[in-house]
Amino acid sequence: MAIHKLFEDDFEEDNYTLIAIHCSTEDYRLAYLLNTNLNLKLARKSEDLDYNYMEASFSIYEWDDDENCIKWNLVANTSKKEVERVASAGSLFSEQQGKQLVSKYLIPERKRVDYFIKIETDNYLKSSKLIVSKVNAIAEVITAYTINPNQLKSKNNLIFE
């Protein structure tokens with residue numbers, strides 16, 4: 001009798017499109033520009049994404065398009081936090097005190113990306129190229145492109161529920 005083994009990868013299926021955005025504007029400004037240019041209704045969630053027990057928090061905007069059964073998320077890739085500078089007692093620079101700015105990343109292997117748009121749908125999203133071209137048409141956006149989430153090591157950080 002043959003034995004068939006099931007693996008976790010047999011059940012994984014990503015039903016979302018991921019768009020990377022390089023843009024130096026603030027998150028609220030980018031959300032407003034996306035709303036006006038893509039006819040969206042992104043709104044900031046009441047709580048940011050927190051990872052590792054408040055070690056890093058990332059701003060997130062969301063819109064459930066019930067008419068088209070699409071869920072849109074705009075999330076920052078960078079979290080900056082001030083921490084106390086730690087110096088060893090015998091160090092050459094032990095007299096330096098103060099705070100230091102530390103950056104954490106939602107997707108560490110894509111440190112240069114400023115924001116991600118995650119578009120979740122049960123259907124195949126055939127207009128992803130059109131969405132990317134509309135995002136690229138925004139003057140403040142340097143560039144935008146789609147990313148295959150299966151190639152990301154930390155794709156589990158994109159689970160927002």
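## A residue to start from

In which strand does T17 lie? T17 belongs to strand β1, and that makes a handy entry point into this predicted model. With a relative accessibility of 17%, T17 counts as buried, because the cut-off for buried is under 20%.

Leaving aside residues up to four places away in sequence, T17 touches I117, K118, I119, L125, S128 and T146.

Strand β1 covers residues 16-23, and 8 of its 8 residues are buried. Which residues point one way from β1, and which the other? Y16, L18, A20 and H22 point one way, while T17, I19, I21 and C23 point the other way. Residues on both faces are buried, and that holds for all of those named.

β1 has a pairing partner in β9 (residues 115-121), with 6 bridges in the antiparallel sense. Within that pairing, I21 has Y115 as its bridge partner. β1 also runs antiparallel to β10 (residues 141-147), again joined by 6 bridges. There, H22 stands opposite T143.

## The sheet as a whole

How many strands form the open sheet, and in what order? There are 6, in the order β2-β5-β6-β9-β1-β10, with antiparallel pairing. The edge strands are β2 and β10, each of which pairs on one side only.

At the β2 end, 2 bridges join β2 to β5, and these two strands run antiparallel. R44 has Y61 in β5 as its bridge partner here.

Is V113 buried or exposed? V113 is buried, with a relative accessible area of 1%, and its place is in the loop between β8 (99-105) and β9.

V113 and I19 are 94 residues apart in sequence, yet their C-alpha atoms are 9.9 Å apart in space. Not counting residues up to four places away in sequence, V113 touches A20, I21 and H22, along with N77, T78 and Y145.

## Salt bridges

Side chains of opposite charge can pair when their charged atoms come close. How many salt bridges does a search of the whole structure find? The search finds 6. One of them joins K45 to E62, with the closest N and O atoms 3.8 Å apart. K45 sits in the loop between β2 (43-44) and β3 (49-51) and E62 in strand β5 (residues 60-65), so this pair ties together parts that are 17 residues apart in sequence. K45 is partly exposed, at 29% relative accessible area.

E62 also meets K71 in a salt bridge, at 3.4 Å from N to O. K71 is buried, with a relative accessible area of 16%. Another pair is E120 with K118, at 3.8 Å from N to O. In that pair E120 is partly exposed at 25%, whereas K118 counts as buried at 6% relative accessibility. K118 is also among the residues that T17 touches. Finally, D27, R44 and D48 are linked in a network of salt bridges.

## The largest pocket

Rolling a probe the size of a water molecule over the atoms shows where empty space is left. The largest pocket in this model has a volume of about 420 Å³. It is lined by 19 residues, and the closest to its centre are D65, N68, I70, W72 and S127.

Which elements each supply at least two residues of the lining? They are β5, β6 (70-76) and α2 (128-136). The largest share, 3 residues, comes from α2. By class, the lining has 9 nonpolar, 5 polar and 5 charged residues.

Technical notes:
Residues are numbered from 1 along each chain as its sequence is written. This is a predicted model: local features need pLDDT of at least 70, side-chain atom pairs count only at pLDDT 80 or more; totals for chains, interfaces and linings use all residues. Side-chain values use heavy atoms; hydrogens and water are left out. A salt bridge is a side-chain nitrogen of Lys or Arg within 4 Å of a carboxyl oxygen of Asp or Glu. Helices (H or I, at least four residues) and strands (E, at least two) are DSSP runs, numbered from the N terminus. Buried means under 20% relative accessible area, exposed over 50%, partly exposed in between (1.4 Å probe, protein chains only). Two strands pair if DSSP finds at least two bridges between them. Contact means heavy atoms within 4.5 Å. On a 1 Å grid over the protein atoms alone, a cavity is a set of points where a 1.4 Å probe fits but cannot get out, and a pocket is an open set with protein on both sides within 12 Å along at least five of seven lines; lining residues have an atom within 4 Å of a point. Grid points are joined across faces, edges and corners, and a volume is the space filled by probe spheres set on the points. Ala, Val, Leu, Ile, Met, Phe, Trp, Tyr, Cys and Pro count as nonpolar, Asp, Glu, Lys and Arg as charged, and the others, Gly among them, as polar.
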